[in-house]
Amino acid sequence: MVYTQEKGSELTKSLQRVMDKKNNNSMYNFENFDRKALIADLGQDKLLEYLRNMLLIRHLETRAEAAYLQGKIGGFFHAYMGQEAIQTACVDVFGQNNWWITSYRCHALALLTGASPQEIMSELFGKADGNAFGRGGSMHLYSDRLLGGFGIVGGQVPIAIGAALSIKYLKKKDETAICFLGDGAVAQGTFHESVNLAVLWDLPCVIVVENNKWGMGTSVNRAVAVEPIAENFATCYGIEGHSIDGMDILACYNGFKKVHESSIKNRKPILVEVITERFRGHSVSDPGLYRTKENLKAAMENDSLLRLKLDLIEAGFLTEEQYKAFDKEAKDQIVEVVKNAELSPNPDPIVLEEGVYKEED
Ligand SMILES: Cc1ncc(C[n+]2csc(CCOP(=O)(O)OP(=O)(O)O)c2C)c(N)n1
Ligand SMILES: [Mg+2]
């Protein structure tokens with residue numbers, strides 16, 4: 001169900017007002033934490049590592065988006081811009097050595113779980129040295145422990161449950177299967193069938209719903225019957241549920257730390273909803289006419305990257321000049337990988353059938 005309205009029409013504005021009201025964060029039971037104590041606890045090095053990871057993701061997508069608009073990249077392109085704090089904190093808290101899986105919005109998770117900026121960029125350009133040898137593009141990135149980005153909404157959830165079953169079967173006590181999906185995927189049967197099975201079989205998985213409030217052009221309020229999502233559905237399934245503020249990396253760290261401890265201790269499924277914002281349209285070809293400028297502006301003013309920067313400056317861990325240097329460093333690295341990707345060769349058609357399942361294999 002996609003609804004689009006003429007830009008700035010009265011109907012768009014009045015629907016947005018209703019959605020803004022419903023999207024009120026006060027419905028979530030976010031956990032309180034001592035901000036200053038957590039900053040001191042995490043320390044300068046860790047927090048600067050978060051900042052630099054988030055800058056790298058932001059620059060990678062910004063440059064790739066520009067290349068797409070210049071016609072240098074084809075296919076689909078879904079930016080993770082706005083949501084970076086979630087996976088940055090989650091991968092760090094759990095460690096790469098788990099099974100990871102997500103939707104088509106997969107650039108950041110690939111980078112954070114070990115794919116290099118170069119192989120990601122070359123993949124977007126469809127080049128032979130790309131992450132999937134130029135065959136997958138933006139939606140299908142992998143790393144040793146990332147089972148992929150998936151284009152079928154909710155299609156990754158049963159695969160995550162399979163990965164969790166393998167962890168249980170192999171008695172790997174410190175590994176978890178972590179599955180990211182969007183709010184729109186919660187309305188899919190695969191989500192409920194998978195959670196049901198995970199609960200029945202006590203599987204060590206964490207299902208993370210990244211609620212960016214939109215499934216293409218449909219507001220979450222018009223697509224999912226109950227909110228908060230995790231708090232309600234976790235109760236239904238008799239499992240642990242958490243709501244986390246995804247626009248604050250400290251809240252993400254704090255929330256995922258608790259989730260990780262519980263996952264290792266109890267080895268049961270956990271449902272998490274992270275409330276976040278999408279800074280771009282659904283994909284690069286979506287101008288987002290269903291959303292008012294005011295709503296988007298407010299979302300972008302709440303940028304987790306800027307919030308982290310301010311926290312770091314306030315803590316005396318960062319100066320404006322150092323921030324500019326980190327920003328430039330990330331930008332320069334990405335400019336370089338774009339240049340290389342442009343120069344990389346196209347895949348040789350002779351290898352087209354390699355890596356494809358065939359009966360005789
Ligand atoms: C089974 C299926 N139905 C419909 C689509 C078309 N589609 C692609 S993305 C999308 C919206 C998903 O929204 P959400 O789960 O909130 O993820 P987000 O894009 O916000 O990250 C839809 C309906 C699809 N890819 N697969
Ligand atoms: Mg969504």
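Here is a walk through the structure above, from its overall build to a few local details.

This is a predicted model, in which local features need pLDDT of at least 70 and side-chain atom pairs count only at pLDDT 80 or more, while totals for chains, interfaces and linings use all residues. Residues are numbered from 1 along each chain as its sequence is written, and chains are lettered from A and ligands numbered from 1 in the order in which they are written.

Let's begin with the whole chain.

Now to the helices. Two packed helices are described by the angle between their axes and the distance between the axes. Here axes are lines fitted to C-alpha atoms over the stretch in contact, and angles run from 0 to 180 degrees between N-to-C directions.

Look at helix H2 (residues 35–69), which packs against helix H3 (residues 84–94) at about 130 degrees, with the axes 10 Å apart. H2 and H3 are therefore oblique to each other (under 35 degrees counts as roughly parallel, over 145 as roughly antiparallel, 65 to 115 as roughly perpendicular and the rest as oblique). From H2, Tyr50, Asn53, Met54, Ile57 and Arg58 meet Glu84, Ala85 and Thr88 of H3, where contact means C-beta atoms, placed from the backbone, within 7 Å. This contact has 4 nonpolar, 2 polar and 2 charged residues. (Ala, Val, Leu, Ile, Met, Phe, Trp, Tyr, Cys and Pro count as nonpolar, Asp, Glu, Lys and Arg as charged, and the others, Gly among them, as polar.)

H2 also packs with helix H11 (residues 304–314), at about 145 degrees and with axes 10 Å apart. The H2 residues Ile39, Leu47, Tyr50, Leu51, Met54 and Arg58 meet Leu305, Leu308, Lys309, Asp311 and Leu312 of H11. That contact divides into 8 nonpolar, no polar and 3 charged residues.

Which residues are closest to ligand 1? Among the 14 that surround ligand 1, they are Val153, Gly182, Gly184, Ala185 and Gly215; a residue is near a molecule if its C-beta atom, placed from the backbone, lies within 6 Å of it. The shell has 5 nonpolar, 7 polar and 2 charged residues.

Finally, two backbone details. Most residues other than glycine have a negative phi, and most peptide bonds are trans. Lysine 171, in the loop between helix H6 (156–169) and strand S3 (177–182), has a positive phi near 55 degrees. A cis peptide bond joins glutamate 227 and proline 228, with omega about -5 degrees. Proline 228 sits in the loop between strand S6 (218–219) and helix H8 (229–237).

Notes:
Helix = DSSP H or I, 4+ residues; strand = E, 2+ residues; numbered from the N terminus. Contact = placed C-beta atoms within 7 Å.
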